[in-house]
Amino acid sequence: MKFKEYAIKFLETKKKEIKQSTYCNYANNLKHVNKYIANQEISNINTTIIEDMCINMINDGYAYKTLSDMKMIAKSVLKQARKENLTEQIIDTINIPKNLLEIAKSKTKEEVKIYDETETKKLLDNLLKDCNNDDKEKRKIALGILILMQTGIRIGELCALQWKDIYLNEKYIDINKTIQRIYDPISNKSKVLIGSPKSSTSKRKVPITDILFEELKKYNQKKEEYIISQIVQNKPREPRTFRREYTNYLRQINLRYLHPHALRHCFASNLINSGVNVKYASQILGHSNSGITLDVYTHTTNAELVEVANTINKDVKQNIIDKQEINIEQPNIAGLIEILKGCNNVVININTGPVYNNFTGIK
């Protein structure tokens with residue numbers, strides 16, 4: 001049996017066990033894998049063949065995350081085939097040359113962009129003004145963007161929010177579902193699904209800031225109504241629709257475009273910079289571990305890096321001290337690497353801030 005034939009059987013079995021969105025992801029990933037090993041006999045596929053597939057994918061421009069997903073689904077198919085005695089092959093650790101892995105990783109890493117202090121203030125001022133606009137639709141859009149800005153939730157989570165998820169007395173929002181449009185490569189059709197968030201840790205309670213509280217308390221909506229529902233009837237907006245409205249709003253207030261997810265970056269960076277414990281910040285953001293929070297969502301500005309570099313140069317030139325100590329309040333090391341190359345006798349103290357038992361102070 002060829003890989004592509006067994007892959008269909010694998011999907012049919014998995015469809016009964018997993019969420020539809022996960023099934024569609026599996027099907028889409030296997031569509032890519034089939035470009036490389038579709039006609040291979042399932043019994044002949046070994047570790048070397050999977051390694052060659054990965055190398056070819058890197059050469060064809062696949063990013064590291066995509067490569068990892070393809071490798072995982074291919075191994076899952078072969079593992080299931082082995083359980084059914086269709087192959088005796090055991091796929092060991094996949095070894096890919098380090099230089100090729102670096103190429104794939106470089107395609108994955110993108111600079112995290114956030115609004116600076118002036119831009120943040122401009123956005124916030126406009127949102128607060130438009131949350132009281134006479135135009136009901138504009139009020140709704142402004143409130144949706146304000147929620148993203150003040151909570152760091154994902155856009156799919158925002159679109160799925162209902163008023164019953166808002167607990168004003170307790171000052172938290174219950175994130176328990178998300179909305180997404182999924183594409184089924186088997187049927188070549190797409191549809192909107194409302195389901196559980198992307199992972200178990202994505203189900204969470206997000207605190208309501210004072211600014212957001214003042215806006216939410218003005219509403220007295222039906223519990224089942226979606227917060228940014230379509231204007232004609234109580235149906236949720238699709239994320240792609242809200243992205244267009246978000247883009248139009250930025251254009252209207254003459255603010256440079258950043259992806260809606262940048263508001264999540266801003267929120268996360270502000271959490272860390274304000275001294276909130278990283279573990280608690282990761283819980284608010286719905287991350288599976290604190291490492292993701294530190295690696296992806298913290299941000300050091302160019303001005304801060306220049307300030308550190310100037311401090312080093314000044315002390316070295318004046319020969320004031322033998323050993324320099326630099327205190328970094330933000331645990332984002334990546335941006336400092338290039339600056340610190342070639343500097344001797346430098347000690348960097350990283351301060352992640354005190355541990356907070358309760359979330360307060362973000363306004």
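Me: Leaving aside its neighbours within four places in sequence, which residues is tyrosine 115 in contact with?

Reply: Good place to start! This is a predicted model, and in it tyrosine 115 is in contact with Thr120, Leu123, Tyr246, Leu250, Leu255, Arg256, Tyr257, Leu258, Leu263 and Cys266. Tyr115 also belongs to the largest nonpolar core, a group of 50 residues, where Tyr115, Leu123 and Phe242 have the most contacts inside the core.

Me: Which helices and strands each supply at least two residues of this core?

Reply: The contributors are helices H6 (117-130), H7 (136-151), H8 (155-159), H9 (210-216), H10 (239-252), H11 (261-273) and H12 (278-285), along with strand E2 (172-175). H7 gives the most, with eight residues. There is also a second, separate core of 33 residues, and Phe10, Leu11, Cys24 and Ile42 are among its members.

Me: How many helices and strands does the chain have?

Reply: The chain holds 15 helices and seven strands. Of its 363 residues, 42% are buried. Take contacts between residues at least 6 apart in sequence: 65% of them join residues at least 24 apart.

Me: How should I read a helix such as H2? Which of its residues are buried?

Reply: Start with its span. H2 covers residues 20-37, 18 residues in total, and reaches 25 Å from its first C-alpha to its last, close to the 26 Å expected at 1.5 Å a residue. Then look at its buried residues: Ser21, Tyr23, Cys24, Ala27, Asn29, Leu30, Val33 and Ile37. The buried residues of H2 pack against helices H1 (3-14), H3 (47-59) and H4 (64-83), and against strands E3 (178-184) and E4 (189-195).

Me: Now a sheet. In what order do the three strands of the open sheet come?

Reply: The general idea is that strands of a sheet pair through backbone hydrogen bonds, either parallel or antiparallel. Here the order is E1-E2-E5, with antiparallel pairing. Strand E1 (166-167) and strand E5 (204-207) stand at the edges with a single partner strand each, so one side of each has no neighbour in the sheet. E1 and E2 pair over two bridges, and isoleucine 166 has isoleucine 173 in E2 as its bridge partner.

Me: Is asparagine 126 buried or exposed?

Reply: Compare its value with the cut-off: buried means under 20% relative accessible area. Asparagine 126 is at 15%, so it counts as buried. This residue lies in helix H6 and touches Tyr249 and Ile253, not counting residues up to four places away in sequence.

Me: What about backbone angles? Where is asparagine 85 found?

Reply: As a rule, most residues other than glycine have a negative phi. Asparagine 85 has a positive phi of about 60° although it is not a glycine. Asparagine 85 is found in the loop between H4 and helix H5 (98-108), and is exposed, with a relative accessible area of 69%. Asparagine 254 also has a positive phi, near 60°; it lies in the loop between H10 and H11 and is exposed at 64%.

Me: Over which residues does pLDDT stay under 50?

Reply: One stretch is residues 319-339, for which the model has 49 contacts beyond four places in sequence. Another is residues 345-363, with 47 such contacts. Where pLDDT is low, the predicted coordinates should not be read in detail. For the chain, the mean pLDDT is 81, and 77% of residues reach 70 or more.

Definitions and conventions
Residues are numbered from 1 along each chain as its sequence is written. This is a predicted model: local features need pLDDT of at least 70, side-chain atom pairs count only at pLDDT 80 or more; totals for chains, interfaces and linings use all residues. Side-chain values use heavy atoms; hydrogens and water are left out. A nonpolar core is a set of buried Ala, Val, Leu, Ile, Met, Phe, Trp, Tyr and Cys residues joined through side-chain atoms within 4.5 Å. Buried means under 20% relative accessible area, exposed over 50%, partly exposed in between (1.4 Å probe, protein chains only). Helices (H or I, at least four residues) and strands (E, at least two) are DSSP runs, numbered from the N terminus. Contact means heavy atoms within 4.5 Å. pLDDT is the predictor's confidence in each residue, from 0 to 100. Two strands pair if DSSP finds at least two bridges between them. The expected span of a helix is 1.5 Å times one less than its number of residues.
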